[in-house]
Amino acid sequence: MAQDNPSVSELLETVHEFIADVSEKLDGQDKYFALCSMFLLEIVQRELKDWQPSITDDDKRLMSLLDEKSSSTEVIEQLSEKIKQGGFDDRMDELLGVLLKHVEAKVKVTKPSYLG
Amino acid sequence: MTAVEIDDATNDIDEIINLLEACVRAHYGSSVAINNVEQATLGGSNRTLLFDLEDGEHKRRLVSRQETYTLDSSPFLPPETQFKLLQLAFSHDLAVPEPIVEFTPNDGLGRGHVISCVSGETLPKRLISDEKFAAARALFPEQAGQFLAKLHAIPIASGDFLSTSADSIDPIAAQRERYDYYGEAHPALDFAFRWLEKNRPACKKRTIVHGDFRVGNMLMGESGINAVLDWECAHLGDPMEDLGWLCTPSWRFGNLDKPVGGIGQRAELFSAYEAAGGRNVDCEAVRWWEIFGSLRWAVLNIMQVHGHRVGGRRSPAFAACGRNTALMEFDLLRAIAGQLD
């Protein structure tokens, strides 16, 4: 499923930047482990390049609201646009139900404890 | 939205201190000196220095706030307007830091001002759970209601300088414009915009609205609120907005069963507000503003991640804001669905 920005690659880059910054203030074992951590993040970044996202249940639910076939990124933009144009004004309850499940799926990744 | 570092002021801290001393001497006289300077580490878009102003035996702790970044489409009031607001609030005997002096271009300190230093704690985690603040928590809903009633009683004509801000003209349109500017697609927020527009309550009487009145933006001591800070979101509008923002789920800091700042109940807040002269609280309108609050906070989080990804304000905290937007979406959809108190 499409997640909000930053992308997972951007998140890794952010953490890498922070560790690089902090490592300059460290010495000894802490500095060494910071460099190792950056190395590990770089491995994850390279592995991600080969990763192919699959169509999830959330993607299918969102796609079912639209008439056209779309990728998981496109469906978010198309759905957003259709809502803005009033395309669901007579189906607000149905849309609310699908969007709640969509947002729950995002929260499950961001902070699962928030789901209570 | 691009962040622009302010170039017209020095970043050398020793030089800043010298310039600050010159500024306060111009205000208080050449006999004063500043000592014991401490830089606050929190507060992203300002440089905040605490210092002692000394004149012989007299000593007073003051705070200097300098703007260090400006955003080319900032939703926040400029420092000079914030200072004007503080003067207005202080003159109406509201619990705010005393505004002391505003920087001029000649001061070489950029935009900003000096205010009095008020003691207290701002960290929500401590305020809502430390035993030390138990008495303050017991008083909080009442004090919050009283503060807001007093603020909302200031004649709106006194706040006329706020009337042209986008939030004063139409708060939904203001958020819509910011959200569209960042160019991110969030169907949950698009839904919320439609729902809010469709269910917008009528505003019975417009007042000055603080715009960010919540735990975290006030200094609290063991006896309660010492001063309310952070006036950069103030505007003219529905006073119910301030009550709603205070009860927005994000500002309950995990205590969802305590809508008022994670500390108390709405009934106590509302009755204190009305007893202090605030107009009759429209509970349904406040609920609407709570949902609006989640939307607005989501848009502010998108602003932060936009700054991180595109605007040159790199930070893990701003990156986290982007993913945290889902939490606000969850809050507002649950509230609309009637699943959240």
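What percentage of the contacts in chain B with a separation of 6 or more is accounted for by residues 24 or more positions apart? In this predicted model, such pairs account for 69% of those contacts, two residues being in contact if their C-beta atoms, placed from the backbone, lie within 7 Å. Local features in this predicted model need pLDDT of at least 70 and side-chain atom pairs count only at pLDDT 80 or more, while totals for chains, interfaces and linings use all residues. Residues are numbered from 1 along each chain as its sequence is written, and chains are lettered from A and ligands numbered from 1 in the order in which they are written.

The secondary structure of chain B comprises 11 helices and 11 strands, where helices (H or I, at least four residues) and strands (E, at least two) are DSSP runs numbered from the N terminus. The radius of gyration of chain B, taken over C-alpha atoms, is 20 Å, which agrees with the value near 20 Å that a compact globule of 341 residues would have; the globule rule is 2.2 Å times the number of residues to the power 0.38. Along the principal axes, the C-alpha atoms of chain B fill a box of roughly 60 × 45 × 40 Å. Of the 341 residues of this chain, 49% count as buried, a class that requires 20 or more other C-beta atoms within 10 Å of the residue's own, with 12 or fewer for exposed and the range in between for partly exposed, the C-beta atoms being placed from the backbone.

Domain bounds, which come from an automatic or database domain assignment, divide chain B into domain 1 (3-116) and domain 2 (124-336). The C-alpha centres of these two domains of chain B are 26 Å apart, and 17 residues of domain 1 are in contact with 21 residues of domain 2. On the side of domain 1 of chain B that touches domain 2, helix α2 (residues 79-91) of chain B provides the largest share, 7 residues. By class, that side has 12 nonpolar, 4 polar and 1 charged residues, with Ala, Val, Leu, Ile, Met, Phe, Trp, Tyr, Cys and Pro taken as nonpolar, Asp, Glu, Lys and Arg as charged, and the others, Gly among them, as polar. Chain A is likewise assigned a domain 1 (8-49) and a domain 2 (57-115), whose C-alpha centres lie 34 Å apart.

The contact between the chains takes 29 residues from chain A and 25 residues from chain B. On the side of chain B that touches chain A, α7 (187-198), α10 (283-309) and α11 (316-336) of chain B each supply at least two residues, and α11(B) gives the most, with 12 residues. The composition of this side of chain B is 14 nonpolar, 4 polar and 7 charged residues.

Chain B contains an open sheet of 5 strands in the order β2-β3-β4-β7-β6, with antiparallel pairing, two strands being paired if DSSP finds at least two bridges between them. Its edge strands, β2 (33-39) and β6 (99-102) of chain B, each pair on one side only, and the twist averages 25° from one strand to the next. Strands β3 (residues 46-55) and β4 (residues 58-67) of chain B pair in the antiparallel sense over 10 bridges, and B:Thr48 has B:Arg65 in β4(B) as its bridge partner. Helix α1 (residues 13-28) of chain B lies across β2, β3, β4, β6 and β7 (112-116) of chain B and runs at about 135° to β2(B); α2(B) also packs on the sheet, touching β4, β6 and β7 of chain B, with its direction at about 150° to that of β6(B). For these angles, axes are lines fitted to C-alpha atoms, for helices over the stretch in contact, and the values run from 0 to 180 degrees between N-to-C directions.

In the loop between β10 (224-228) and β11 (235-237) of chain B lies B:Cys233, which counts as buried because it has 20 C-beta neighbours inside 10 Å. Not counting residues up to four places away in sequence, B:Cys233 touches B:Phe76, B:Gly211 and B:Asp212. B:Cys117, located in the loop between β7 and α3 (124-129) of chain B, is partly exposed, with 18 other C-beta atoms within 10 Å. Helix α8 (residues 240-247) of chain B has 8 of its 8 residues buried, so it is largely enclosed by the rest of the structure.
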